[in-house]
Amino acid sequence: MKRLVPLSNTPSYVERYLRIRDSKSADVRVELESIHRPIVRQYDSYALQAASRNLEVVRRSQRCATSANALRHCYDSPTNALRALKKEIKELQPRRQLKYCPMCGVTLPKTFDHYMPAARFPEYAVMALNLIPCCSQCNSIKDDDWLSTSGERQFLHLYFDCIPEEQYLFVQLLSSADMRGVGASFELRRPSGFRRNKWSLLTSHYKRLKLLERFSEEGNEEIAEVLAGCKAHLQAGGGSASLLLQNLANDRATVYGDSHWRTVLMRALSTYSRLDQLIPLI
Ligand SMILES: [Zn+2]
């Protein structure tokens, strides 16, 4: 897992919002013009608190809440201006970064999550920093849930929160006695020096999105695909399958991070003692 690159404030986040607001019908536009000042205050507050990883302190705006429908209409009824914003967010990310959902790393990110839920914070419905590319499964699991009952954030904000550079996701491979299948069991381990409060947020993210379970579910198919690639490599006269996997793992680590589950799985397979016995069985 790696952080995403946030859009810069040039042009400002408010200007980007205005492009969307001004592409709406006159009745929506007029209503939103009447709450412009509270919207600007809320935008400023978001940018400030997000940068210091303190979004939980941002309070709802009662004034904005009175125009919730008009604000949410900006997202729910997309215009070219909103499509352009989404495109800009995606195109800013490093190449291949969005091949997998940034929140889980499992599937394509075909939707956008509102980090601060639009149901409670309609003013952030099209705020650039509040829109996180993600897959539909993560989006539906997270839904409007973002704070615990004690007011702590439960999910990583992929533009701002800290993610350890050191490996923190590990896997144990277990092959069945007849060697017909390999299971994968994932676990999280806090890197020394990574602060406990940041670790608590990261583990909450994994727990709430059921990521370890999802990785294990996907693990068998992923292993079969990797081994099939090794077999084709050997049949074509390629050298060591272990070396191939190490190189592929290094490539995935560069793009997706050392703790992306596919990186971790590939690296574990590259040093797996029964690798040479497994490949012919594919
Ligand atoms: Zn996802």
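What follows is a set of questions and answers about this predicted model.

User: Let's start with the big picture. How far apart do the C-alpha centres of domain 1 and domain 2 lie?

Analyst: The chain is divided into domain 1, covering 13–135, and domain 2, covering 169–281. Where they touch, the contact takes 7 residues from domain 1 and 9 residues from domain 2. As for their C-alpha centres, the separation is 35 Å.

User: On the side of domain 1 that touches domain 2, how many residues are nonpolar, polar and charged?

Analyst: Domain 1 gives 7 residues to that contact. They divide into 4 nonpolar, 2 polar and 1 charged.

User: Which residues have the most contacts inside the largest nonpolar core?

Analyst: Nonpolar side chains tend to be buried together in soluble globular proteins. Here the largest nonpolar core has 71 residues. This core draws at least three residues from each of domain 1 and domain 2. The ones with the most contacts inside it are Cys-101, Cys-104, Val-126, Met-127, Leu-265 and Leu-269.

User: Leaving aside neighbours within four places in sequence, which residues is Met-127 in contact with?

Analyst: Met-127 is among the residues with the most contacts inside the largest nonpolar core. Once its neighbours within four places in sequence are left aside, its contacts are Tyr-13, Tyr-17, Tyr-43 and Tyr-46.

User: How far apart are the end C-alpha atoms of helix 9, and what span should its residues give?

Analyst: Helix 9 runs over residues 211–235, which makes 25 residues. At 1.5 Å a residue, helix 9 should span 36 Å, and that agrees with the distance between its end C-alpha atoms, which is 35 Å.

User: Where does helix 9 bend?

Analyst: The bend in helix 9 is about 45 degrees. The residue at the bend is also one of the buried residues of helix 9, and its name is Gly-219.

User: What covers the buried residues of helix 9?

Analyst: Those buried residues are Leu-211, Arg-214, Phe-215, Gly-219, Ile-223, Val-226, Leu-227 and Cys-230. In an α-helix there are 3.6 residues a turn, so residues three or four places apart point the same way. The cover over the buried residues of helix 9 includes strand 4, helix 8, helix 10, helix 11 and helix 12.

User: How many other C-beta atoms lie within 10 Å of Arg-53?

Analyst: Arg-53 sits in the loop between helix 3 and helix 4. Arg-53 is not a glycine either, yet it has a positive phi of about 55 degrees. Arg-53 is partly exposed, and its count of other C-beta atoms within 10 Å is 15.

User: And Arg-189: which residues is it in contact with, leaving aside neighbours within four places in sequence?

Analyst: Arg-189 lies in the loop between strand 4 and helix 8. It is partly exposed, with 13 other C-beta atoms within 10 Å. With its neighbours within four places in sequence left aside, Arg-189 is in contact with Tyr-168 and Phe-170.

User: Last one: what is the peptide bond from Thr-10 to Pro-11?

Analyst: Pro-11 is found in the segment before helix 1. The bond from Thr-10 to Pro-11 has omega near -5 degrees, and it is cis.

Notes:
Residues numbered from 1 in each chain as written. Predicted model: local features only at pLDDT ≥ 70, side-chain atom pairs only at ≥ 80, totals over all residues. Helix = DSSP H or I, 4+ residues; strand = E, 2+ residues; numbered from the N terminus. Expected span 1.5 Å × (residues − 1). Bend = angle between axes of the 7 residues up to and from the residue. Buried ≥ 20, exposed ≤ 12 C-beta atoms within 10 Å, placed from the backbone. Contact = placed C-beta atoms within 7 Å. Domains from an automatic or database assignment. Nonpolar A, V, L, I, M, F, W, Y, C, P; charged D, E, K, R; others polar. Core = buried A, V, L, I, M, F, W, Y, C linked by C-beta atoms within 7 Å.
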